[in-house]
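Please read this briefing alongside the sequence and the model.

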Amino acid sequence: MKTTNSEKLFRRAKTVLVGGVNSPVRSFGAVGGSPLFISRAEGPYIYDSDGNKFIDYVASWGPLILGHSHPSVIKAVEGRLALGTSFGAPCELETELALLVAKSFPSIEKVRLTNSGTEATMSAIRLARAVTAREYIIKFEGCYHGHSDFLLVKSGSGATTFGNPSSAGVPKSFVNKTLLARYNDMDSVEKLFTRYPRKIAGVIIEPVAGNMGVVTPEPDFLGKLRLACAKHGAILIFDEVITGFRLGRGGAQERFGTAADITCLGKIIGGGLPVGAYGASADMMRMVSPEGPMYQAGTLSGNPLAMAAGIATIKKLDARNYKHIENLTEFLVSGIRGIISELGIEATVNSEGSMFTVFFTAKRVTDYAGALGCDTARYARFFRSLLQNGVMFPPSQFESVFVSAVHTKKEIGRTLRAIRAALLEVCSGE
Ligand SMILES: *Cc1c(COP(=O)(O)O)cnc(C)c1O
(Lines give C-alpha, C1' and ligand atoms only; values in the text may rest on other atoms or scores of the structure.)
Protein backbone atom coordinates (compact mmCIF):
# COMPACT_ATOMS: atom_id res chain seq x y z
CA MET A 1 0.00 0.00 0.00
CA LYS A 2 1.15 3.52 -0.76
CA THR A 3 2.47 5.51 2.18
CA THR A 4 0.14 8.37 3.01
CA ASN A 5 1.22 11.91 3.84
CA SER A 6 -0.03 11.41 7.38
CA GLU A 7 2.21 8.36 7.74
CA LYS A 8 5.20 10.30 6.43
CA LEU A 9 4.47 13.23 8.74
CA PHE A 10 4.05 10.89 11.69
CA ARG A 11 7.40 9.23 10.97
CA ARG A 12 9.06 12.64 10.86
CA ALA A 13 7.27 13.84 14.01
CA LYS A 14 8.45 10.76 15.88
CA THR A 15 12.08 11.71 15.25
CA VAL A 16 11.71 14.74 17.50
CA LEU A 17 8.38 14.57 19.38
CA VAL A 18 7.78 11.88 21.97
CA GLY A 19 5.57 9.32 20.27
CA GLY A 20 5.11 11.87 17.50
CA VAL A 21 2.45 13.74 19.50
CA ASN A 22 1.98 16.27 22.29
CA SER A 23 -0.89 14.49 24.01
CA PRO A 24 -0.95 10.69 24.19
CA VAL A 25 -4.43 9.74 22.89
CA ARG A 26 -3.70 11.52 19.61
CA SER A 27 -1.25 8.77 18.71
CA PHE A 28 -4.10 6.28 17.98
CA GLY A 29 -2.42 3.91 20.44
CA ALA A 30 -5.80 2.62 21.60
CA VAL A 31 -7.17 1.89 18.13
CA GLY A 32 -4.09 1.04 16.06
CA GLY A 33 -2.85 2.53 12.84
CA SER A 34 -1.15 5.82 12.17
CA PRO A 35 -2.77 9.06 13.38
CA LEU A 36 -4.13 11.45 10.80
CA PHE A 37 -2.28 14.73 10.49
CA ILE A 38 -4.80 17.51 10.12
CA SER A 39 -4.24 20.34 7.71
CA ARG A 40 -7.40 22.35 8.28
CA ALA A 41 -10.93 22.19 9.64
CA GLU A 42 -14.14 24.02 8.96
CA GLY A 43 -17.63 23.69 10.42
CA PRO A 44 -18.36 20.01 11.13
CA TYR A 45 -15.51 18.85 8.87
CA ILE A 46 -11.86 18.11 9.42
CA TYR A 47 -9.37 17.53 6.58
CA ASP A 48 -6.21 15.46 6.80
CA SER A 49 -2.97 16.14 4.97
CA ASP A 50 -3.92 13.63 2.26
CA GLY A 51 -7.00 15.70 1.42
CA ASN A 52 -9.46 13.29 3.05
CA LYS A 53 -12.52 14.86 4.61
CA PHE A 54 -14.16 13.61 7.81
CA ILE A 55 -17.26 14.54 9.76
CA ASP A 56 -15.65 15.44 13.06
CA TYR A 57 -17.05 14.34 16.42
CA VAL A 58 -13.90 14.97 18.46
CA ALA A 59 -14.24 18.77 18.39
CA SER A 60 -10.69 19.16 19.68
CA TRP A 61 -11.82 17.03 22.65
CA GLY A 62 -14.74 19.27 23.50
CA PRO A 63 -13.98 22.98 23.06
CA LEU A 64 -15.42 23.42 19.56
CA ILE A 65 -19.11 23.38 20.35
CA LEU A 66 -19.61 25.87 17.49
CA GLY A 67 -17.69 23.66 15.08
CA HIS A 68 -14.32 24.44 13.53
CA SER A 69 -13.27 27.91 12.37
CA HIS A 70 -16.53 29.51 13.38
CA PRO A 71 -16.64 32.92 11.63
CA SER A 72 -17.44 34.82 14.86
CA VAL A 73 -14.54 33.22 16.69
CA ILE A 74 -12.09 33.75 13.83
CA LYS A 75 -13.18 37.36 13.51
CA ALA A 76 -12.82 37.99 17.23
CA VAL A 77 -9.32 36.54 17.32
CA GLU A 78 -8.27 38.33 14.13
CA GLY A 79 -9.58 41.57 15.57
CA ARG A 80 -7.36 41.20 18.65
CA LEU A 81 -4.29 39.83 16.89
CA ALA A 82 -3.01 43.13 15.53
CA LEU A 83 -3.38 44.71 18.98
CA GLY A 84 -0.84 42.42 20.59
CA THR A 85 -0.62 38.76 21.59
CA SER A 86 0.07 39.03 25.31
CA PHE A 87 0.45 41.89 27.78
CA GLY A 88 1.31 40.35 31.13
CA ALA A 89 -0.94 43.08 32.51
CA PRO A 90 -4.67 43.35 33.08
CA CYS A 91 -6.88 43.65 30.02
CA GLU A 92 -10.62 44.32 29.85
CA LEU A 93 -11.38 41.06 28.04
CA GLU A 94 -10.50 39.05 31.15
CA THR A 95 -13.25 40.80 33.11
CA GLU A 96 -15.67 40.28 30.25
CA LEU A 97 -15.07 36.52 30.09
CA ALA A 98 -15.19 36.23 33.89
CA LEU A 99 -18.52 38.09 33.95
CA LEU A 100 -19.96 35.72 31.34
CA VAL A 101 -18.84 32.77 33.47
CA ALA A 102 -20.17 34.22 36.73
CA LYS A 103 -23.49 35.10 35.10
CA SER A 104 -23.91 31.55 33.82
CA PHE A 105 -22.97 29.79 37.07
CA PRO A 106 -24.83 31.07 40.16
CA SER A 107 -22.31 29.26 42.39
CA ILE A 108 -19.46 31.36 40.96
CA GLU A 109 -18.99 34.92 42.20
CA LYS A 110 -15.30 35.26 41.47
CA VAL A 111 -13.11 33.67 38.87
CA ARG A 112 -9.40 33.00 38.32
CA LEU A 113 -8.39 32.27 34.74
CA THR A 114 -5.65 29.80 33.91
CA ASN A 115 -4.18 28.32 30.72
CA SER A 116 -5.54 24.79 30.96
CA GLY A 117 -8.03 22.57 32.70
CA THR A 118 -5.12 20.87 34.48
CA GLU A 119 -4.17 24.12 36.16
CA ALA A 120 -7.79 24.80 37.08
CA THR A 121 -8.32 21.48 38.88
CA MET A 122 -4.88 21.56 40.50
CA SER A 123 -5.61 25.02 41.86
CA ALA A 124 -9.15 24.11 42.93
CA ILE A 125 -7.73 21.32 45.08
CA ARG A 126 -5.20 23.71 46.55
CA LEU A 127 -8.02 26.12 47.33
CA ALA A 128 -10.15 23.42 48.99
CA ARG A 129 -7.18 22.48 51.15
CA ALA A 130 -6.41 26.10 51.96
CA VAL A 131 -10.00 26.88 52.91
CA THR A 132 -10.52 23.81 55.10
CA ALA A 133 -6.97 23.38 56.43
CA ARG A 134 -7.41 19.67 55.68
CA GLU A 135 -5.29 17.50 53.41
CA TYR A 136 -7.24 14.54 52.03
CA ILE A 137 -9.25 14.66 48.85
CA ILE A 138 -11.65 12.20 47.30
CA LYS A 139 -11.68 11.53 43.59
CA PHE A 140 -13.65 8.99 41.63
CA GLU A 141 -12.20 6.08 39.71
CA GLY A 142 -12.30 6.78 36.01
CA CYS A 143 -12.60 10.55 36.36
CA TYR A 144 -9.83 12.54 34.72
CA HIS A 145 -8.91 15.93 36.06
CA GLY A 146 -5.80 16.72 34.08
CA HIS A 147 -2.30 15.51 34.80
CA SER A 148 -1.21 17.08 38.08
CA ASP A 149 0.54 14.55 40.31
CA PHE A 150 -2.05 13.98 43.02
CA LEU A 151 -4.92 13.63 40.57
CA LEU A 152 -3.18 11.04 38.40
CA VAL A 153 -4.76 8.20 40.26
CA LYS A 154 -7.38 6.23 38.47
CA SER A 155 -7.90 2.99 40.24
CA GLY A 156 -6.21 0.95 42.85
CA SER A 157 -7.40 -2.59 43.13
CA GLY A 158 -10.98 -2.38 44.33
CA ALA A 159 -9.93 -3.27 47.83
CA THR A 160 -7.53 -0.47 48.50
CA THR A 161 -8.71 3.00 49.30
CA PHE A 162 -5.31 4.57 48.90
CA GLY A 163 -4.51 5.51 45.37
CA ASN A 164 -1.75 3.98 43.37
CA PRO A 165 -0.24 6.48 40.98
CA SER A 166 -1.26 5.63 37.42
CA SER A 167 1.85 7.29 36.05
CA ALA A 168 5.53 6.70 36.51
CA GLY A 169 7.28 9.56 38.23
CA VAL A 170 4.51 10.27 40.74
CA PRO A 171 5.84 9.57 44.23
CA LYS A 172 3.52 7.45 46.36
CA SER A 173 3.72 10.13 49.00
CA PHE A 174 2.16 12.59 46.56
CA VAL A 175 -0.98 10.51 46.11
CA ASN A 176 -1.44 9.07 49.57
CA LYS A 177 -3.80 11.93 50.37
CA THR A 178 -5.90 11.06 47.34
CA LEU A 179 -8.74 8.72 48.25
CA LEU A 180 -10.69 6.84 45.62
CA ALA A 181 -14.43 6.38 45.49
CA ARG A 182 -16.63 4.62 42.94
CA TYR A 183 -18.71 6.69 40.57
CA ASN A 184 -22.44 6.43 41.36
CA ASP A 185 -21.67 4.72 44.65
CA MET A 186 -22.50 6.89 47.68
CA ASP A 187 -21.53 4.11 50.08
CA SER A 188 -17.96 4.27 48.85
CA VAL A 189 -17.96 8.00 49.59
CA GLU A 190 -19.57 7.70 53.03
CA LYS A 191 -17.06 5.03 54.03
CA LEU A 192 -14.20 7.41 53.30
CA PHE A 193 -15.82 10.23 55.26
CA THR A 194 -16.26 7.85 58.19
CA ARG A 195 -12.72 6.58 57.97
CA TYR A 196 -11.14 10.04 57.72
CA PRO A 197 -13.29 12.21 60.00
CA ARG A 198 -12.66 15.96 59.56
CA LYS A 199 -9.66 15.20 57.38
CA ILE A 200 -11.21 15.42 53.92
CA ALA A 201 -10.79 18.83 52.32
CA GLY A 202 -12.88 18.18 49.27
CA VAL A 203 -14.45 15.88 46.74
CA ILE A 204 -13.72 16.38 43.05
CA ILE A 205 -15.92 14.88 40.38
CA GLU A 206 -16.85 15.15 36.73
CA PRO A 207 -20.60 15.69 37.24
CA VAL A 208 -21.09 13.81 33.98
CA ALA A 209 -18.01 11.72 33.40
CA GLY A 210 -16.51 12.05 29.94
CA ASN A 211 -13.10 10.51 30.43
CA MET A 212 -14.08 6.89 31.03
CA GLY A 213 -16.42 7.30 28.10
CA VAL A 214 -19.65 9.06 29.01
CA VAL A 215 -20.99 7.87 32.36
CA THR A 216 -23.97 9.76 33.71
CA PRO A 217 -24.77 10.34 37.37
CA GLU A 218 -27.66 8.24 38.66
CA PRO A 219 -30.65 10.34 39.76
CA ASP A 220 -29.82 11.98 43.09
CA PHE A 221 -26.15 10.95 43.10
CA LEU A 222 -24.89 14.52 42.76
CA GLY A 223 -27.48 15.78 45.24
CA LYS A 224 -26.42 13.19 47.80
CA LEU A 225 -22.79 14.06 47.24
CA ARG A 226 -23.69 17.71 47.85
CA LEU A 227 -25.35 16.80 51.16
CA ALA A 228 -22.50 14.55 52.26
CA CYS A 229 -19.94 17.29 51.63
CA ALA A 230 -22.01 19.81 53.58
CA LYS A 231 -22.42 17.36 56.43
CA HIS A 232 -18.70 16.63 56.67
CA GLY A 233 -17.47 20.16 56.03
CA ALA A 234 -15.81 19.20 52.76
CA ILE A 235 -15.67 21.31 49.61
CA LEU A 236 -17.54 19.97 46.59
CA ILE A 237 -15.56 20.56 43.40
CA PHE A 238 -17.26 20.05 40.06
CA ASP A 239 -14.79 19.58 37.26
CA GLU A 240 -16.91 21.06 34.49
CA VAL A 241 -14.02 21.38 32.06
CA ILE A 242 -16.09 19.37 29.57
CA THR A 243 -19.64 19.94 30.81
CA GLY A 244 -19.38 23.70 31.44
CA PHE A 245 -21.24 25.44 28.59
CA ARG A 246 -21.78 22.04 26.94
CA LEU A 247 -24.75 20.77 28.94
CA GLY A 248 -26.26 24.24 28.78
CA ARG A 249 -24.83 27.60 29.73
CA GLY A 250 -24.83 26.70 33.40
CA GLY A 251 -23.24 23.29 32.79
CA ALA A 252 -24.10 20.23 34.85
CA GLN A 253 -25.00 22.41 37.84
CA GLU A 254 -27.89 23.97 35.98
CA ARG A 255 -28.91 20.68 34.36
CA PHE A 256 -29.04 18.66 37.57
CA GLY A 257 -29.90 21.46 39.96
CA THR A 258 -26.90 20.81 42.20
CA ALA A 259 -24.48 23.62 42.99
CA ALA A 260 -20.77 23.06 43.52
CA ASP A 261 -18.58 24.99 45.94
CA ILE A 262 -15.73 25.29 43.46
CA THR A 263 -16.21 24.92 39.70
CA CYS A 264 -13.44 24.12 37.22
CA LEU A 265 -13.83 25.16 33.62
CA GLY A 266 -11.78 24.92 30.44
CA LYS A 267 -12.26 23.74 26.86
CA ILE A 268 -15.37 25.63 25.60
CA ILE A 269 -14.57 28.84 27.51
CA GLY A 270 -11.41 29.15 25.40
CA GLY A 271 -13.20 28.58 22.10
CA GLY A 272 -10.31 26.40 20.89
CA LEU A 273 -7.49 28.44 22.43
CA PRO A 274 -5.73 27.39 25.64
CA VAL A 275 -7.78 28.33 28.71
CA GLY A 276 -8.91 27.09 32.08
CA ALA A 277 -10.69 28.70 35.01
CA TYR A 278 -11.83 28.05 38.52
CA GLY A 279 -14.40 29.95 40.46
CA ALA A 280 -16.36 29.95 43.70
CA SER A 281 -18.02 32.32 46.15
CA ALA A 282 -16.27 35.63 46.70
CA ASP A 283 -15.66 34.56 50.26
CA MET A 284 -13.80 31.41 49.27
CA MET A 285 -11.89 33.04 46.42
CA ARG A 286 -10.55 35.64 48.85
CA MET A 287 -8.09 32.94 49.86
CA VAL A 288 -6.34 33.23 46.48
CA SER A 289 -3.33 35.49 45.95
CA PRO A 290 -3.11 38.51 45.77
CA GLU A 291 -6.11 38.79 48.11
CA GLY A 292 -5.12 35.82 50.22
CA PRO A 293 -2.33 33.41 51.11
CA MET A 294 -2.95 30.71 48.46
CA TYR A 295 -0.47 31.19 45.66
CA GLN A 296 -1.37 30.60 42.04
CA ALA A 297 -0.21 32.45 38.92
CA GLY A 298 0.34 32.25 35.16
CA THR A 299 2.51 34.15 32.68
CA LEU A 300 -0.05 33.82 29.91
CA SER A 301 -3.20 33.57 32.05
CA GLY A 302 -6.02 35.70 30.69
CA ASN A 303 -4.33 35.83 27.31
CA PRO A 304 -6.23 38.32 25.11
CA LEU A 305 -6.52 36.01 22.08
CA ALA A 306 -7.87 33.20 24.22
CA MET A 307 -10.26 35.61 25.96
CA ALA A 308 -11.53 36.86 22.60
CA ALA A 309 -12.14 33.32 21.33
CA GLY A 310 -13.88 32.31 24.55
CA ILE A 311 -16.10 35.38 24.69
CA ALA A 312 -17.10 35.00 21.04
CA THR A 313 -17.95 31.34 21.62
CA ILE A 314 -20.01 31.85 24.77
CA LYS A 315 -21.89 34.79 23.25
CA LYS A 316 -23.05 32.56 20.40
CA LEU A 317 -24.41 29.90 22.74
CA ASP A 318 -28.12 30.41 23.20
CA ALA A 319 -31.11 28.20 23.97
CA ARG A 320 -31.66 27.60 20.25
CA ASN A 321 -28.12 26.23 19.84
CA TYR A 322 -28.45 23.88 22.78
CA LYS A 323 -31.82 22.67 21.56
CA HIS A 324 -30.36 22.03 18.12
CA ILE A 325 -27.34 20.02 19.30
CA GLU A 326 -29.37 18.05 21.81
CA ASN A 327 -32.06 17.20 19.27
CA LEU A 328 -29.42 16.12 16.79
CA THR A 329 -27.64 14.04 19.40
CA GLU A 330 -30.92 12.45 20.42
CA PHE A 331 -31.63 11.60 16.79
CA LEU A 332 -28.13 10.15 16.31
CA VAL A 333 -28.11 8.21 19.57
CA SER A 334 -31.57 6.71 19.10
CA GLY A 335 -30.53 5.79 15.55
CA ILE A 336 -27.45 3.99 16.87
CA ARG A 337 -29.49 2.22 19.54
CA GLY A 338 -31.92 1.11 16.83
CA ILE A 339 -29.13 -0.35 14.70
CA ILE A 340 -27.60 -2.07 17.73
CA SER A 341 -30.84 -3.81 18.61
CA GLU A 342 -31.67 -4.62 14.98
CA LEU A 343 -28.27 -6.28 14.48
CA GLY A 344 -28.39 -7.89 17.91
CA ILE A 345 -25.01 -6.51 18.94
CA GLU A 346 -23.83 -6.43 22.54
CA ALA A 347 -23.43 -2.69 22.83
CA THR A 348 -24.90 0.18 24.77
CA VAL A 349 -24.89 3.95 24.31
CA ASN A 350 -24.54 6.34 27.24
CA SER A 351 -25.52 9.91 26.50
CA GLU A 352 -26.21 13.25 28.14
CA GLY A 353 -26.90 16.41 26.19
CA SER A 354 -24.50 16.52 23.24
CA MET A 355 -22.08 13.96 24.72
CA PHE A 356 -22.20 10.20 24.16
CA THR A 357 -20.15 7.01 24.03
CA VAL A 358 -20.77 3.64 22.38
CA PHE A 359 -19.65 0.85 24.73
CA PHE A 360 -19.33 -2.73 23.49
CA THR A 361 -20.92 -4.60 26.34
CA ALA A 362 -24.27 -6.20 27.15
CA LYS A 363 -24.39 -4.47 30.54
CA ARG A 364 -25.17 -0.94 31.66
CA VAL A 365 -22.06 1.14 32.20
CA THR A 366 -22.35 3.15 35.41
CA ASP A 367 -18.77 3.30 36.67
CA TYR A 368 -15.13 2.77 35.76
CA ALA A 369 -15.19 -0.97 36.32
CA GLY A 370 -18.06 -1.19 33.86
CA ALA A 371 -16.17 0.90 31.30
CA LEU A 372 -13.05 -1.23 31.75
CA GLY A 373 -15.14 -4.36 31.23
CA CYS A 374 -16.10 -3.39 27.67
CA ASP A 375 -14.66 -4.89 24.51
CA THR A 376 -12.21 -2.17 23.50
CA ALA A 377 -10.88 -4.26 20.61
CA ARG A 378 -14.36 -4.03 19.11
CA TYR A 379 -14.35 -0.29 19.70
CA ALA A 380 -11.05 -0.08 17.82
CA ARG A 381 -12.54 -1.91 14.80
CA PHE A 382 -15.63 0.28 15.01
CA PHE A 383 -13.46 3.40 15.06
CA ARG A 384 -11.34 2.31 12.08
CA SER A 385 -14.37 1.42 10.00
CA LEU A 386 -15.97 4.79 10.73
CA LEU A 387 -12.77 6.53 9.75
CA GLN A 388 -12.71 4.67 6.45
CA ASN A 389 -16.24 5.90 5.87
CA GLY A 390 -15.40 9.52 6.56
CA VAL A 391 -16.47 9.80 10.20
CA MET A 392 -14.06 10.82 12.95
CA PHE A 393 -14.99 9.43 16.36
CA PRO A 394 -12.60 9.70 19.33
CA PRO A 395 -9.72 7.23 18.97
CA SER A 396 -10.49 5.55 22.30
CA GLN A 397 -13.62 4.22 23.99
CA PHE A 398 -12.63 6.16 27.12
CA GLU A 399 -13.67 9.46 25.59
CA SER A 400 -16.84 11.29 24.66
CA VAL A 401 -18.28 11.88 21.20
CA PHE A 402 -19.23 15.55 20.82
CA VAL A 403 -21.95 16.91 18.55
CA SER A 404 -21.62 20.57 17.61
CA ALA A 405 -23.95 23.38 16.65
CA VAL A 406 -22.87 23.14 13.00
CA HIS A 407 -23.66 19.48 12.52
CA THR A 408 -26.87 19.11 10.51
CA LYS A 409 -29.30 16.33 9.68
CA LYS A 410 -27.19 15.76 6.54
CA GLU A 411 -24.03 14.86 8.49
CA ILE A 412 -26.02 12.89 11.04
CA GLY A 413 -27.64 10.84 8.24
CA ARG A 414 -24.25 10.06 6.71
CA THR A 415 -22.90 9.22 10.13
CA LEU A 416 -25.71 6.76 10.79
CA ARG A 417 -25.00 4.99 7.48
CA ALA A 418 -21.31 4.78 8.39
CA ILE A 419 -22.24 3.47 11.84
CA ARG A 420 -24.45 0.75 10.37
CA ALA A 421 -21.57 -0.36 8.12
CA ALA A 422 -19.10 -0.20 11.00
CA LEU A 423 -21.30 -2.21 13.36
CA LEU A 424 -21.87 -4.84 10.65
CA GLU A 425 -18.11 -5.05 10.19
CA VAL A 426 -17.52 -5.33 13.92
CA CYS A 427 -19.92 -8.28 14.10
CA SER A 428 -18.74 -10.09 11.01
CA GLY A 429 -15.09 -9.76 11.92
CA GLU A 430 -15.46 -12.53 14.51
C1 LIG B 1 -9.69 17.95 29.44
C2 LIG B 1 -10.00 17.84 30.86
C3 LIG B 1 -9.16 18.35 31.86
C4 LIG B 1 -7.80 18.90 31.55
O5 LIG B 1 -7.83 20.02 30.76
P6 LIG B 1 -6.50 20.41 29.94
O7 LIG B 1 -6.84 21.72 29.33
O8 LIG B 1 -6.29 19.29 28.96
O9 LIG B 1 -5.40 20.49 30.92
C10 LIG B 1 -9.60 18.33 33.17
N11 LIG B 1 -10.79 17.80 33.48
C12 LIG B 1 -11.62 17.29 32.57
C13 LIG B 1 -12.94 16.75 32.99
C14 LIG B 1 -11.23 17.26 31.23
O15 LIG B 1 -12.03 16.68 30.33
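Predicted model: local features only at pLDDT ≥ 70, side-chain atom pairs only at ≥ 80, totals over all residues.

Residues are numbered from 1 along each chain as its sequence is written, and side-chain values use heavy atoms, with hydrogens and water left out.

**Ligand site**

- The residues around the ligand are S116, G117, T118, Y144, H145, G146, E206, N211, D239, V241, I242 and K267, where a residue is near a molecule if one of its heavy atoms lies within 4 Å of it.
- This shell divides into 3 nonpolar, 6 polar and 3 charged residues, on a scheme that counts Ala, Val, Leu, Ile, Met, Phe, Trp, Tyr, Cys and Pro as nonpolar, Asp, Glu, Lys and Arg as charged, and the others, Gly among them, as polar.
- Polar contacts (pairs of N or O atoms within 3.5 Å; within protein, one must be able to donate a hydrogen and the other to accept it, and residues adjacent in sequence count only if both atoms are side-chain atoms) include one at 2.6 Å between an oxygen atom of the ligand and an N or O atom in the side chain of T118.
- A ligand oxygen atom also lies 3.1 Å from an N or O atom in the side chain of N211, and a ligand nitrogen atom is 3.4 Å from a polar backbone atom of Y144.
- On its own the ligand has 380 Å² of accessible area, of which the protein covers 83%; accessible areas come from the Shrake-Rupley method with a 1.4 Å probe, and for residues only the protein chains shown count as cover.

**Salt bridges**

- A search of the whole structure finds 12 salt bridges, each defined as a side-chain nitrogen of Lys or Arg within 4 Å of a carboxyl oxygen of Asp or Glu.
- One of them joins D367 to R182, with the closest N and O atoms 2.7 Å apart; D367 lies in the loop between β12 (355–359) and α12 (368–372) and R182 in the loop between β6 (178–181) and α6 (186–195), so the pair ties together parts that are 185 residues apart in sequence.
- Helices (H or I, at least four residues) and strands (E, at least two) are DSSP runs, numbered from the N terminus.
- D367 is buried at 7% relative accessibility, whereas R182 is partly exposed at 39%; buried means under 20% relative accessible area, exposed over 50%, and partly exposed in between (1.4 Å probe, protein chains only).
- R226 and D261 meet through their side chains in a salt bridge of 3.0 Å, N to O, which links R226 in helix α7 (residues 221–232) with D261 in the loop between α8 (251–256) and β9 (262–266), 35 residues apart.
- D261 is itself buried, with a relative accessible area of 19%.
- The side chains of R286 and D283 form a salt bridge of 2.9 Å, N to O, in which R286 is partly exposed at 43% and D283 is exposed at 55%.

- Strands β2 (residues 45–48) and β3 (residues 53–56) pair in the antiparallel sense over 3 bridges, pairing being assigned if DSSP finds at least two bridges between two strands.
- In this pair I46 stands opposite F54, and the two strands form a hairpin with 4 residues between them, where G51 in the turn has a positive phi of about 85 degrees.
- Strand β3 also runs parallel to β13 (residues 391–392), to which 2 bridges join it, and I55 stands opposite V391 there.

**The sheet containing β12**

- An open sheet of 3 strands has the order β11-β12-β14, with antiparallel pairing; β11 (348–352) and β14 (401–402) stand at the edges with a single partner strand each, so one side of each is left without a neighbour in the sheet.
- β11 and β12 pair over 5 bridges, with M355 as the bridge partner of E352, and they form a hairpin with 2 residues between them, in which G353 has a positive phi of about 55 degrees.
- On the β14 side, 2 bridges join β12 to β14, with F356 opposite V401 and M355 opposite F402.
- 5 of the 5 residues of β12 are buried, so this strand is largely enclosed by the rest of the structure.
- In a regular strand the side chains alternate between the two faces of the sheet.
- In β12, M355, T357 and F359 point one way and F356 and V358 the other way.
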